[in-house]
Amino acid sequence: MGHVEHTYERPHWGCRECGLPWPCPTAVKDLSTEYRVFPSLLAVYVGQLMYEALEDMWADGTSLPDLHGRFLAWVPRTPEER
């Protein structure tokens with residue numbers, strides 16, 4: 001069986017595969033592996049997605065979750081944190 005990608009679905013930002021808030025645990029693991037050599041690029045990528053999620057959720061009028069914790073808190077800040 002092939003690898004299933006856990007990608008986000010707009011505008012609610014849930015995982016298309018498992019339905020959990022994106023990035024779900026599997027997406028975090030996959031992204032961490034994919035960007036392991038360049039964690040700063042991972043921070044840029046998920047930071048941009050965080051702002052897109054903020055725009056979608058703000059427009060929807062729903063209460064905003066902790067988007068920083070959800071999108072950025074798990075990203076390594078230095079190569080030693082990998």
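Colleague: What share of the contacts in the protein chain, between residues at least 6 apart in sequence, join residues at least 24 apart?

Modeller: In this predicted model, the share is 45%, counted among contacts between residues at least 6 apart in sequence.

Colleague: What makes a set of residues a nonpolar core, and which residues of the largest one touch the most other members?

Modeller: Such a core needs buried residues of the nonpolar kinds, joined through side-chain atoms within 4.5 Å. The largest one here has 15 residues, and Trp13, Trp22 and Phe71 touch the most other members. Helix 1 (25-34), helix 2 (39-60) and helix 3 (67-71) each supply at least two residues of this core, and helix 2 gives the most, with six. In soluble globular proteins, nonpolar side chains tend to be buried together.

Colleague: Which residues is phenylalanine 71 in contact with, leaving aside its neighbours within four places in sequence?

Modeller: Phenylalanine 71 is in contact with Trp13, Trp22, Pro23, Val46, Leu49, Met50 and Ala53, once neighbours within four places in sequence are left aside.

Colleague: Why is tryptophan 13 called buried?

Modeller: Its relative accessible area is 0%, and the term applies under 20%, so tryptophan 13 counts as buried. Tryptophan 13 is placed in the loop between strand 1 and strand 2, and it has a positive phi of about 60 degrees although it is not a glycine.

Colleague: What is the form of the peptide bond from arginine 10 to proline 11, and of the one that joins tryptophan 22 and proline 23?

Modeller: The bond from arginine 10 to proline 11 is cis, with omega near 10 degrees, and the bond between tryptophan 22 and proline 23 is also cis, with omega about 5 degrees. Proline 11 sits in the loop between strand 1 (8-9) and strand 2 (14-15), whereas proline 23 lies in the loop between strand 2 and helix 1. Most residues other than glycine have a negative phi, and most peptide bonds are trans.

Colleague: How do you know whether histidine 6 is buried or exposed?

Modeller: Its relative accessible area is 15%, which is under the 20% limit, and therefore histidine 6 is classed as buried. Histidine 6 lies in the segment before strand 1 and, not counting residues up to four places away in sequence, touches Cys15, Glu17, Cys18, Trp22, Cys24, Thr26 and Ala27.

Colleague: Why does glycine 14 count as buried?

Modeller: Glycine 14, which is found in strand 2, has 4% relative accessibility, and the limit is 20%, so the term applies. Its contacts beyond four places in sequence are Thr7, Tyr8, Glu9, Leu20, Pro21 and Trp22, and its C-alpha atom is separated by 8.2 Å from that of cysteine 24, 10 residues apart along the chain.

Colleague: Which residues form a nonpolar patch on the surface?

Modeller: Val37, Phe38 and Leu41 form it, with about 300 Å² of accessible area together, and valine 37 has its place in the loop between helix 1 and helix 2. They can be called a patch because each has over 30% relative accessible area and nonpolar side chains are joined within 5 Å.

Technical notes
Residues numbered from 1 in each chain as written. Predicted model: local features only at pLDDT ≥ 70, side-chain atom pairs only at ≥ 80, totals over all residues. Heavy atoms only, no water. Contact = heavy atoms within 4.5 Å. Buried < 20%, exposed > 50% of the residue type's maximum accessible area, 1.4 Å probe, protein only. Helix = DSSP H or I, 4+ residues; strand = E, 2+ residues; numbered from the N terminus. Patch = residues over 30% accessible without salt bridge, like charges linked within 9 Å, V, L, I, M, F, W, Y side chains within 5 Å. Areas by Shrake-Rupley, 256 points an atom, 1.4 Å probe, with all protein chains shown as cover. Salt bridge = Lys/Arg side-chain N within 4 Å of Asp/Glu carboxyl O.
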